[in-house]
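Me: I am new to this structure and would be grateful for a close look at a single part. Please take one region and describe how its pieces are arranged.

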Amino acid sequence: MQHSLYLYNTISRKKELFEPLHSPFVGMYVCGPTVYGDAHLGHARPAITFDLLFRYLSHLGYKVRYVRNITDVGHLENDADEGEDKIAKKARLEQLEPMEVVQYYTNRYHEFTEKLNVLPPSIEPHASGHIIEQIQLVEKILESGFAYESNGSVYFDVLKYNEKHPYGKLSGRVLDDLLSTTRDLDGQSEKHNSFDFALWKKAGAEHIMRWPSPWSDGFPGWHLECTAMSTKYLGEVFDIHGGGMDLLFPHHECEIAQSTAAIGKDSVRYWVHNNMITINGQKMGKSLGNFITLEELFTGNHKLLEKSYSPMTIRFFILMAQYRGTLDFSNEALQGAEKAFQRLMSAVQTLEKIKTSDKSTVDVTNLESKCYEAMNDDLNSPMVIANLFDGVRWINSIADGSESISANDLKTLKALYKTFVFDILGLKDESMAGANTELLDGLISMILKERLEAKAKKDFVTSDRIRDELTKLGVTVKDKKDGFDWEIK
Ligand code: ZN
């Protein structure tokens, strides 16, 4: 594969040339959502970051197996080893089956990520569907001597592990610091040390999500699912593990410890982490009142929002920052993104109409290589966008006659915009349908009136054919007493 994609590897703390273990195959695992609430702004950034990486690797010709999990068991409140399961709590409060909660929010997550034009992963495994694999992993870690059973629960022995393997190499946290900052155990605890983490938890009488195991009726610890499912689908060692920076510690640190304990090595070649989104300079949090769901963004229904923002405005806004940089959300920034995105889309439309000359005054080949250079530099999407805006100026100048372009260069330029704007950045022109709403309404109504007339004449062959043809185009027709109704899917 001819390319020079450099990715920042969190564990080596430097940009490294991306070389997959089994080219052209690439294994990529990304921590997905815990499905107990609606997808929010915080979900959009990792979804879009790893969609960008997935799209770019595919564009380069790799065959990517992209696994993104659904966490539906074992993630306790405050990311701790105690307290209630997040999904079970929601189920209890709403008097639903836990799997009803899981299905509902998984569907909602899919709906919103689809609106953001995030491609679905190749495999989307659920933690609850991989309890056997998780139990087997606990057995392996127990066999290797890095875990202990205590009162029906099993904990990872961090101190013992640290004697052989450095614990904290991903996050840079040192065990001595952990020792001095973590609270003393009260003597009632089942753990040897407060920083030991659960691999298996014995379920209390009130705990509704539970499975039999050699140790107790219980449930797996949260960190375990990602180690079990990533290695099941991608092999003991695989290329990329991604997630938000908030997962670096303890979640990913614990994953490294688990796989090293079970198979003697870290499973991951490149650790890739996206930075967080802040809102008006503040961390997003339910208690701060600045928690905005994607639905609220798309409808504008939140006290912090001056208006609604379209999915592509959100996507473009996120891509306007490099994924490792901070990104501050504000109405001003979003409206800036909205304007810039519209300018880009209108240039793409102009591109279809411009006339060619004998020679070019613009250097299209150079623009293309600058776009690739930016992507290869750790997915520098803001730099790609800046280059595309250089092209926007050209397009507008060519259209008004102050620059010129040859037929060959125009072909290259069109291909470049298709590749970078739509295939790699994953943007969509939302305005096309919007701008032509009136025309579209008129046309469909006209056709449907023809169909009504055919029906009135009992010409059902024609009326059925019109309905079927429209259905094929994604227009659903609903017959009503006084006429018809239709909608575009
Ligand atoms: Zn995970």
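Reply: Contact here means heavy atoms within 4.5 Å, and angles run from 0 to 180 degrees between the N-to-C directions of lines fitted to C-alpha atoms. The model is predicted.

The open sheet consists of four strands in the order β5-β6-β7-β8, with antiparallel pairing. β5 (147–150) and β8 (218–220) stand at its edges; each has a single partner strand, so one side of each is left without a neighbour in the sheet. From one strand to the next, the twist averages 20°.

Helix α8 (residues 248–263) lies across β6 and β7 (197–202), and its direction is at about 80° to that of β7.

His251 also belongs to the metal site: its NE2 atom coordinates the zinc ion together with the SG atoms of Cys31 and Cys226, at 2.0 to 2.1 Å. The donor residues are spaced C-x194-C-x24-H in sequence. The two cysteines link distant parts of the chain, being 195 residues apart: Cys31 sits in the loop between β3 (25–30) and α1 (41–59), whereas Cys226 sits in helix α7 (residues 222–234). Buried means under 20% relative accessible area. Cys31, at 11% relative accessibility, therefore counts as buried, and Cys226 is buried with a relative accessible area of 1%.

How values were computed:
Residues are numbered from 1 along each chain as its sequence is written. This is a predicted model: local features need pLDDT of at least 70, side-chain atom pairs count only at pLDDT 80 or more; totals for chains, interfaces and linings use all residues. Side-chain values use heavy atoms; hydrogens and water are left out. Donors are N, O and S atoms within 2.8 Å of the metal (3.2 Å for Na, K and Ca); water is not among the atoms, so sites may look incomplete. Buried means under 20% relative accessible area, exposed over 50%, partly exposed in between (1.4 Å probe, protein chains only). Two strands pair if DSSP finds at least two bridges between them.
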